[in-house]
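The sequence and model are shown first, and the points follow by topic.

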Amino acid sequence: MARTTLQMITDREQQLTDAADQMRTQIEQLSAHLGDLDAERAELAVARKVILALGPDEPAPATHPGLPDNPAYQHILAVLTEAESPLRCKDLCHALDTGTEPARIEGMRAKLKRLVATGLVTEDTPGLFAIRLREPGPDHTTARSPARQ
C-alpha cells in the first residue's frame, strides 16, 4: 500500500512539473510578444514626434481669428479631428506624447478651454472635449459635437 501512495505522489509531482513547464513556455512566448508590442509602440511614438516636429502636413481643420499662434493648438485640433469620440485632457496628452504629469494635464486643459472659447472645440460633458462640426444647412452656422451624433 505504501508503494501505491508513493507512486501517486510521484505521478502528481510529474503532472505538476509538466504543467509548470508548459506555463513557463507560454510566459516566454507572451513576454516575447509583449516586447514586440512595446517596441512597435515606441517606434510609433518616435514617428509621431518627428511628424509633429515637421509641422502639420495638411491644413488645419479650422481657422479662427482667436486661435493662438502656437503650433500646439493645431496639433490638438488635428488629434480631435481624428478622434472617433470626445477625449479627456489625459487622452490628448497621451496622443501628443507630452507627458501625463499633473502640470502637463492642466496645461492641456487650459489650451482646450481656450479652444472652447474660440468655438472650435466643444465641451458638452465636463472634461470631454471634441472638435466642433458644422452641419450642412442654409447658413452653415449650426454646430454640434460628435458626442451627440
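Arg104 is partly exposed, with a relative accessible area of 48%; the classes are buried (under 20% relative accessible area), exposed (over 50%) and partly exposed (in between), computed with a 1.4 Å probe on protein chains only. Arg104 forms a salt bridge with Glu101, the closest N and O atoms being 3.9 Å apart, and Glu101 is itself partly exposed at 44%. This is a predicted model, in which local features need pLDDT of at least 70 and side-chain atom pairs count only at pLDDT 80 or more, while totals for chains, interfaces and linings use all residues. Residues are numbered from 1 along each chain as its sequence is written, and side-chain values use heavy atoms, with hydrogens and water left out.

**Salt bridges**

- A search of the whole structure finds five salt bridges, each defined as a side-chain nitrogen of Lys or Arg within 4 Å of a carboxyl oxygen of Asp or Glu.
- Side chains of opposite charge can pair when their charged atoms come close.
- Glu123 is partly exposed at 23% relative accessibility, and Lys113 is partly exposed at 40%.
- Asp38 and Arg41 form a salt bridge with their closest N and O atoms 3.4 Å apart.
- Because Asp38 and Arg41 are three residues apart in helix 1, they are separated by about one helical turn.
- Asp38 counts as partly exposed at 35% relative accessibility, whereas Arg41 counts as exposed at 59%.

**Second largest pocket**

- The second largest pocket holds about 170 Å³ of space, where a volume is the space filled by probe spheres set on grid points joined across faces, edges and corners.
- A pocket is an open set of points on a 1 Å grid over the protein atoms alone, where a 1.4 Å probe fits, with protein on both sides within 12 Å along at least five of seven lines; lining residues have an atom within 4 Å of a point.
- Its lining consists of Leu52, Ala72, His75, Ile76, Leu96, Thr98, Arg104, Gly107, Met108 and Lys111.
- Helix 2 (71-82) and helix 4 (102-118) are the elements that give two or more residues to this lining, and helix 4 supplies the largest share, four residues.
- The lining residues divide into five nonpolar, three polar and two charged; Ala, Val, Leu, Ile, Met, Phe, Trp, Tyr, Cys and Pro count as nonpolar, Asp, Glu, Lys and Arg as charged, and the others, Gly among them, as polar.

**Surface patch**

- Val46, Val50 and Leu54 form a nonpolar surface patch with about 310 Å² of accessible area together, areas coming from the Shrake-Rupley method with a 1.4 Å probe.
- Such a patch joins nonpolar side chains (Val, Leu, Ile, Met, Phe, Trp, Tyr) within 5 Å, in residues with over 30% relative accessible area and no salt bridge.
- Leu54 is found in helix 1 (residues 2-54) and is exposed, with a relative accessible area of 71%.

**Backbone and fold**

- Asp97 has a phi near 55 degrees, a positive value in a residue other than glycine.
- Most residues other than glycine have a negative phi.
- Asp97 is found in the loop between helix 3 (89-96) and helix 4, and counts as partly exposed at 33% relative accessibility.
- The protein chain has four helices and four strands, which are DSSP runs numbered from the N terminus (helices H or I, at least four residues; strands E, at least two).
- Along the sequence the pattern is α-α-α-α-β-β-β-β.
- Of the 149 residues of the chain, 18% count as buried.

Terms used
Patches are made of residues with over 30% relative accessible area and no salt bridge: like charges are joined within 9 Å, nonpolar side chains (Val, Leu, Ile, Met, Phe, Trp, Tyr) within 5 Å.
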